[in-house]
Amino acid sequence: MRAGNAEDRAAGAGGPPPAGPGRAGHARQKRVLEPAEIGRALSRIAHEILERTDGAADVVLLGIPTRGVPLARRLAGRAAHYEGHAVPCGSLDVTMHRDDLRLRPARALGRTELPPEGIDGKTVVLVDDVLYSGRTVRAALDALHDLGRPCAVQLAVLVDRGHRELPIRADYVGKNLPTSQREVVRVLLSEVDGEDAVLIADAVLPGDRRAGAHPAARRPGGAEGGRP
Amino acid sequence: MSAVWLIRGVRLAEGLAERPEGPGGRACDLVLRDGVIAEAGTRLSAPGAQVLDAGGLIALPGLVDLHAHLREPGREDAETIETGARAAALGGYTAVHAMANTEPATDTAGVAEQVWRLGRQAGCCDVQPVGAVTAGLAGTQLAELGAMADSAARVRVFSDDGRCVSDSLLMRRALEYVKAFGGVIAQHAQDPRLTEGAQLNEGEVSGRLGLAGWPAVAEEAVIARDCLLAAHVGSALHICHVSTAGSVEIIRWAKSKGWQVTAEVTPHHLLLTDDLAEGYDPVYKVNPPLRTAADVAGLRQGLADGTIDCVATDHAPHPAEAKDVEWAEAASGMTGLETALRVVQETMVETGLLGWAEVADRMSARPARIGRLSGHGNPLKPGEPANLTLYDPAAPREPVDPAAHASKSRNTPFAGMALPGRVVATFLRGVPTVLDGKAAT
Amino acid sequence: MNRHLVSAASLTRDDALLILDTAEELARVADRPIKKLPTLRGRTVVNLFFEDSTRTRTSFEVAAKRLSADVINFSAKGSSVAKGESLRDTALTLEAMGADAVVIRHVASGAAHRLAGWVSGSVINAGDGTHEHPTQALLDAFTIRRRLRPCEAGAGPFPAGRGALDGVRVAIVGDVLHSRVARSNVALLNVLGAEVTLVAPPTLLPLAVGSWPCEAAYDLDAVLPKSDVVMMLRVQRERMSAAYFPSVREYSRRYGLDATRMALLPDHAIVMHPGPMNRGVEIAAEVADSARSTIVEQVANGVSVRMAVLYLLLGGAEFPEESGAGFPEESGAEFPEEGR
């Protein structure tokens with residue numbers, strides 16, 4: 001329909017397409033974290049947060065949807081358990097602040113919900129499942145900027161897989177997972193997926209790997225005609 | 001001095017009466033000389049004649065259109081008599097009636113003769129002017145019907161088409177008045193009060209699309225009234241562009257009483273329905289509007305059993321800017337001269353409702369009779385005027401291409417539609433106006 | 001979702017829920033100190049209003065500006081259109097200006113359809129003749145959901161099947177024949193599972209209303225006790241001269257919502273009106289100002305819904321056929337592979 005976008009898409013679609021469970025053409029899928037390991041990592045992060053923030057006084061945990069939200073809740077629960085007082089928790093959707101919106105159809109929004117005490121003057125700890133290029137976190141910082149003025153912002157992630165494209169680093173990391181860009185990391189959480197696990201897979205989907213392959217080409221009668 | 005023509009191996013439509021069209025009808029030869037059919041038979045020879053090999057073709061008497069808008073004088077941007085006549089010839093017509101809603105209206109002998117003369121000048125199709133019923137088509141006062149009848153144009157069909165003669169008294173007077181010279185009043189049946197601002201057939205589609213409805217009763221009520229008036233004064237009434245199944249029933253009833261009522265249907269009303277308006281493309285906007293599938297079925301049946309006497313195109317050319325706008329702003333009307341016979345083949349012959357002999361009756365003999373045109377609509381026999389159309393019903397289905405039409409306007413609802421058949425040649429008094437599907441003059 | 005929003009009838013249940021759920025999130029922007037999101041920065045939205053409507057036009061303008069889009073207001077009065085320029089030529093001008101979206105309100109049914117064929121941007125129908133007014137229906141559905149199904153409303157984005165209006169009984173009262181609001185609402189409420197009853201004198205109901213996905217009734221008093229929502233439509237006095245009803249007084253007596261009639265409603269029922277109201281004709285002042293009335297919040301909801309529509313049409317990639325194809329859409333906004 002509009003010239004020029006096929007090229008944009010091709011340029012932007014250089015990364016490996018997603019590999020969900022049961023997706024056709026999935027090559028080896030490796031479980032790198034089991035539920036118990038995930039639990040231990042979260043406990044350690046919770047302790048680290050308490051340590052570095054003097055007992056989580058004035059800390060607000062904000063999970064980035066989708067899976068950052070249950071992670072934040074779990075961390076808040078553990079921290080409250082260890083320290084004896086509640087740690088406020090909420091969610092921060094970053095969709096509207098992404099820098100790559102034009103590459104995909106408009107996505108449904110996640111919930112942004114700040115705890116009643118707000119974020120002004122607080123230490124906000126952003127929580128996400130995977131840290132990769134850092135763009136999601138940059139978008140989160142932008143989103144936060146319009147919501148209030150925290151006195152500090154920190155980042156906790158379950159998995160850091162490297163390949164940063166921006167000067168962003170995590171303060172709390174569950175596991176460092178060196179990966180290649182051909183690989184896909186998937187975090188599964190029982191609240192969303194029914195089980196806890198971290199998986200790595202080589203994503204190879206048919207018709208995807210050619211440079212400039214346009215997703216429309218995957219459908220018969222798509223923009224590029226009859227390619228399978 | 002026109003050449004002599006020998007047409008070889010053609011099948012005469014009048015011999016093709018079976019339904020569905022069978023292999024019947026023997027091929028025969030025709031010799032055209034001095035404007036008449038000189039001979040008809042097999043293995044004819046005519047030394048020095050031009051020969052047209054008509055194997056596989058059907059010969060119909062030249063088609064007669066009772067209803068077309070040639071727009072001249074006044075709207076030459078849409079069509080002229082010359083371009084309209086050429087379009088008619090390409091559609092297989094040897095005579096076309098030009099409706100009176102021109103600018104100025106054809107309501108005097110002067111304008112009628114002007115239209116008639118322009119038609120003779122064009123030369124490729126007989127143009128018979130239709131006279132207005134009321135002065136200026138204003139519906140308040142009778143036009144000079146007698147003067148028009150006596151003019152060189154010899155007007156016999158009178159119509160305010162575009163508008164309805166809605167005043168009952170005026171319609172009565174008009175019907176009575178034309179008895180003096182054997183004229184006929186052709187009514188555009190549309191109760192104005194029931195159709196103020198109407199855009200589309202009143203029905204499920206119009207309700208959904210938010211377009212003001214044109215109810216069927218606005219046509220049927222006027223037809224009923226006019227049939228009764230015609231009976232009361234003993235005159236001839238012709239109903240233009242019948243569009244509803246209910247109208248067909250009323251006309252059937254009137255004919256059963258022996259009243260002098262005739263009727264026509266357009267090709268588009270035989271094929272198209274109101275759901276085509278869903279994209280709001282005004283190419284489908286026409287007056288009377290496209291209606292439902294039940295109406296299409298009723299109209300086809302009416303044409304098949306003769307309740308509807310003939311097919312008339314209501315050819316209504318419009319320039320692009322009149323159609324390239326919002327629906328409510330767009331002009332109503334569709335072109336039709338060049339596609340009529342193909343649409344009739346598609347809707348009536350291919351469906352087994354009419355044989356070719358009956359097509360000849362509905363598209364030539366009866367309209368010529370209603371229009372009181374003695375030189376047209378005659379059987380293809382020696383001694384009759386050589387007005388004929390050669391048609392190939394087995395031509396491969398070609399999509400209609402308005403850019404290739406001779407009409408100045410492109411507003412055809414059949415654009416891109418693959419229709420059967422092809423007009424191969426048209427002869428007007430022995431002179432070919434169309435050869436091999438192209439204008440010959 | 002499609003490239004355009006021309007009619008509510010073309011929305012699937014999933015489309016409608018996506019818009020409503022997105023509007024829920026965007027409604028929160030109104031409560032923030034900074035009422036702005038950067039999402040449509042650099043995009044141009046043109047308001048092409050051939051009919052006067054300050055209310056709807058302003059609503060779209062606020063919505064577009066809250067998403068950081070640039071807004072150009074093009075009103076027909078005193079413009080080249082008033083001098084006879086056709087809609088098509090106006091469309092070409094907008095193309096040349098690089099409009100990413102055109103919001104059109106026009107007096108002719110089908111104008112938005114036609115425009116969609118002439119521009120390469122997105123077309124949003126803000127009311128075309130008596131045909132449709134899709135964003136009105138969306139904000140009405142949004143309002144009903146918030147008031148009557150707060151759990152669904154607060155549930156956030158969920159897969160299809162949740163968050164709709166199943167079983168809600170809606171009565172739409174007034175000049176249905178000429179109402180684009182009624183047509184859009186019947187279509188949208190039906191697809192969201194609500195049960196709609198149209199109430200009007202027979203002259204103001206389309207002849208073919210029997211084929212619509214709703215009931216029709218002439219007796220307002222009988223319908224009110226069984227309604228969770230009453231939506232009053234504006235009645236124009238000019239309809240009287242075209243013999244749709246004998247007098248304003250008789251219309252008001254038989255079809256107006258006054259305090260007595262309001263008392264017939266179930267306790268939880270709400271009263272809606274798309275505006276502008278004819279106080280004293282179709283709706284009494286005390287009804288319009290009562291706690292049941294959602295008239296004021298409908299206005300605020302309009303901005304949220306229009307923000308959602310603008311975001312969903314303009315905020316993502318430009319080829320509509322891609323939505324749902326290829327990439328597995330996970331719930332929420334996360335990329336399956338982070339980054340890129």
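## Paired strands, chain contacts and domains in a predicted model

B:Val157 stands opposite B:Val184, a residue of strand 10 of chain B. Residues are numbered from 1 along each chain as its sequence is written, and chains are lettered from A, with ligands numbered from 1, in the order in which they are written. This is a predicted model, in which local features need pLDDT of at least 70 and side-chain atom pairs count only at pLDDT 80 or more, while totals for chains, interfaces and linings use all residues.

Strand 9 of chain B and strand 10 (residues 184–187) of chain B are joined by 2 bridges and run parallel; two strands are said to pair if DSSP finds at least two bridges between them. Helices (H or I, at least four residues) and strands (E, at least two) are DSSP runs, numbered from the N terminus.

Chain B holds another open sheet, made of 3 strands in the order 6-7-8 with parallel pairing. Strand 6 (63–68) and strand 8 (126–129) of chain B are the edge strands, each pairing on one side only. From one strand to the next, the twist averages 20°. Strand 6 of chain B is joined to strand 7 (residues 93–98) of chain B by 4 bridges, and B:Ala68 stands opposite B:Ala98 in strand 7 of chain B.

Chain B as a whole has 12 helices and 21 strands. The C-alpha trace of chain B spans about 65 × 45 × 45 Å along its principal axes. Buried residues make up 61% of the 441 residues in chain B; a residue is buried if 20 or more other C-beta atoms lie within 10 Å of its own, with C-beta atoms placed from the backbone.

Chain B also touches chain C. The contact takes 16 residues from chain B and 21 residues from chain C, where two residues are in contact if their C-beta atoms, placed from the backbone, lie within 7 Å. Helix 5 (residues 204–209) of chain B gives the largest share of the chain B side, 3 residues.

Chain C is divided into domain 1 (8–132 + 298–322) and domain 2 (134–294), with bounds from an automatic or database domain assignment. The C-alpha centres of these two domains of chain C lie 25 Å apart. In chain C, 29 residues of domain 1 are in contact with 28 residues of domain 2. On the domain 1 side, helix 1 of chain C gives the most, with 9 residues.

Notes: Buried ≥ 20, exposed ≤ 12 C-beta atoms within 10 Å, placed from the backbone. Axes fitted to C-alpha atoms, helices over the stretch in contact; angles between N-to-C directions.
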